[in-house]
Amino acid sequence: MIFTIFIPLLFALILPLISRCIPKVHPGYFVLFVPLGIFIYYIQYIGSKFTAITETYKWIPSLHINLTFHLDGLSLLFVLLISGIGSLVVLYSIFYLHTYERLNHFYIYLLIFMTAMLGVVTSDNVFVLYTFWELTSISSFLLIGYWHFKERSRYGALKSMLITVFGGLSMFGGLIFLTILTGTTSIREMIANPEPILNSQFLPLILAFILLGAFTKSAQFPFHIWLPDAMEAPTPVSAYLHSATMVKAGLYLIARFSPIFATYEWFFIVVSLVGIITLCWGSYMAVRQTDLKAILAYSTISQLGMIMAMLGFGTEVAIFAAVFHILNHATFKGGLFMIAGIVDHETGTRDIRKLGGLLTFMPISATLALFGTFSMAGIPLPFLNGFYSKEMFFESAVLLSNETNSFAAFLSNAVPYLAILGSVFTFVYSMYFLFGVFGGQKKLDQLPKKPHEAPIGMLLSPFILVSGVILIGLFPSLFNQSLLTHAASSISQTVNTMDIKFWHGLNVPFIMSLIVVGIGIILTITRKTWQPIYRLLPGKFSLNKVYDSIIKNVDVFSKRITNFYMTGSLRTYMLIIIGTIVAVTTFIMINTDGFNIKYDNLASISVLEITVVIAIIIAALATIFTNHKLAVILVTGIVGYGVAILFVIYRAPDLALTQLVIETVSVVLFLLCFYHLPKMQKRDEKPKTKLVNAIIAISFGTLMTIVGISAHSSNWFKSISDYFIETADTIGGGTNIVNVILVDMRGLDTLFEITVLGIAALAIYSLIKLRKDKEAK
């Protein structure tokens, strides 16, 4: 399983090499085999006898962080969507993207995103899940901003990343809480033992953190504003990320953790309320849009809201319907995004006001769009999969039980009416999309290009998706026990196989569907007469303006704060840094009784040690009064070499050798750099400035001295030296304890130190180079 998860990432590493060796072949043809191979591999697990599979690979066992991948029904559904839709998107992109574009960049970003999504839906370890979760945000940022030369693309990419990363960090806080309370990092173990979570006083906070992560990623109200702006990405990205995969990651998170929170009444209230509001607002706002992809973006928001609401309901019918609609939505929405891309590609515009009458020019695209929009609208026809899950949504809304909480009871009674309201506007925007593009009068004079049907290669992917719409609609039982039941039972074990069929009699859900169609037809016909209502709602109010205002004010405030202390004066920077260290450290030490000075248990001091220390002190003082830069370097070296001598005296040859090497290298580097720097000279400073400098210097030196003595005199914690002695060989594989500490025990720290030194060296070189270039001019 681990190979199928990481193979897209591995292939992303070698793709540039393949493209370099075979430059005349479109890189998409090579990439296509990656998701297609993953899809074919996981197809074998579809069937009524499927059982969950778990694989564990050690990663950071000391922190209980291992690569544990768990494949159950829910994970299998998402893996098939990620790989299946991914294969069709790659095929579509081969004909959609121009050969002169940065194709390697596009496919590398896409492959990274694929690995991230596969990791999210299969990870059982919460911290591994979070790692993949944030990788989806980073890779989607790169994909949305793929056309980085467009301002709107950069704006949409930044907006999506800020909102989703904010939610991801909130989710991370919730996951830490869950780990502390349950004592495990395994999601399955948390689900098996939810009592510590449900009995915790932090339960509301945990739920809020987890829901923020899910709501931001799945574009739920009011965090939905990033999704329409993300439509500036190429259409293959929109068809993949924003219809079938990334936006459903939040739904996956809610579905995965719902067994823990399902009995908590506020889970039902918050998730159901946010979901139903998102459904109504997204469908209402979709009719207002004029850009084809914007219409589909808001339609996606509404559909995600509907699925989120069903997950909040938590009943058997609702959970099964949510899983069913996740599959259905991926088929018809992915196909519609591709159709929108085809229209844009063949006409040169996505503005629906300039489109119309394209049926005669693009009959195949129009036919595919008809099936996709009718399925999305939930029109009661037996060959449309969208109707089945929409009717089950109505059934779950009607069957909501009365809750003990008064607001929950009110919400249960209001949900069926809100479901009809959101579905009515879903019908309207579906018809608005279909007939606004392919029906009505031709407007050829307003089109940048003469319209014509797309090439077969571009039509193949939406054709396969629309065929899935029809196939699921005609034979829903093929996917029932073999896939959907397994996925639904992974969320709630009480869910059994549902009877999916077109006709259940003239029951309430079917009557609701007829009401939606009837009112929807009236509103579609009279759309131009009631559309001025958008001037009142939302009117001038816009959540996008709120977002822009927040970002602008944060920038302004940050600039003011930065300009306050970034004066260009190195002295000011050192005063702030050292002064803060002195103030904070002194405050903490005083309030925690940290100052502890004892004179017992001290070793005797010889004349040699006193002599070395006196030499160090004299050398340190000499640096203050010496004006010659080379003399300063040499005197500073005396201080370092004196410390090395002390290490030798105290029988620490390893530390002495390290100190000697560092000091020698430092002296040489300083000599090389100072040779090119201006001559040192006394600075004529005011007495006040000198006094402040003296106070800061003496305070810092005194503080460090007292801290060092207090550290020696205190025994608050058990010494860690025994641990190093006992584990140096078993963990680090070495008998030189100091080396093991540097390389293994604190390897990351050493790595960062090397990195800092490297950066400092580059900075010094750059300064010298700039100075020489300036002098040469």
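A nonpolar core is a set of buried Ala, Val, Leu, Ile, Met, Phe, Trp, Tyr and Cys residues joined through side-chain atoms within 4.5 Å. In this predicted model, the largest such core holds 200 residues, among which Phe-261, Phe-313 and Phe-438 touch the most other members. Helix 15 (residues 316-347) supplies the largest share of this core, with 19 residues. For Phe-261, contacts beyond the neighbours within four places in sequence are made with Leu-178, Ile-197, Leu-203, Ile-206, Leu-207 and Phe-267.

Helix 4 (residues 103-122) comprises 20 residues. The distance from the first C-alpha of helix 4 to the last is 29 Å, close to the 28 Å expected at 1.5 Å a residue.

Strand 1 (residues 53-60) and strand 2 run antiparallel and are joined by six bridges. Within this pairing, Ile-53 lies opposite Leu-71 of strand 2. The hairpin formed by the two strands has four residues between them, and His-64 adopts a positive phi near 60° in this hairpin.

Strand 2 spans residues 65-71, and seven of its seven residues are buried; the strand is therefore largely enclosed by the rest of the structure. Burial applies to both faces of strand 2: Ile-65, Leu-67, Phe-69 and Leu-71 point one way, Asn-66, Thr-68 and His-70 point the other way, and all are buried.

Technical notes: Residues numbered from 1 in each chain as written. Predicted model: local features only at pLDDT ≥ 70, side-chain atom pairs only at ≥ 80, totals over all residues. Heavy atoms only, no water. Buried < 20%, exposed > 50% of the residue type's maximum accessible area, 1.4 Å probe, protein only. Pairing = 2+ DSSP bridges. Contact = heavy atoms within 4.5 Å. Expected span 1.5 Å × (residues − 1).
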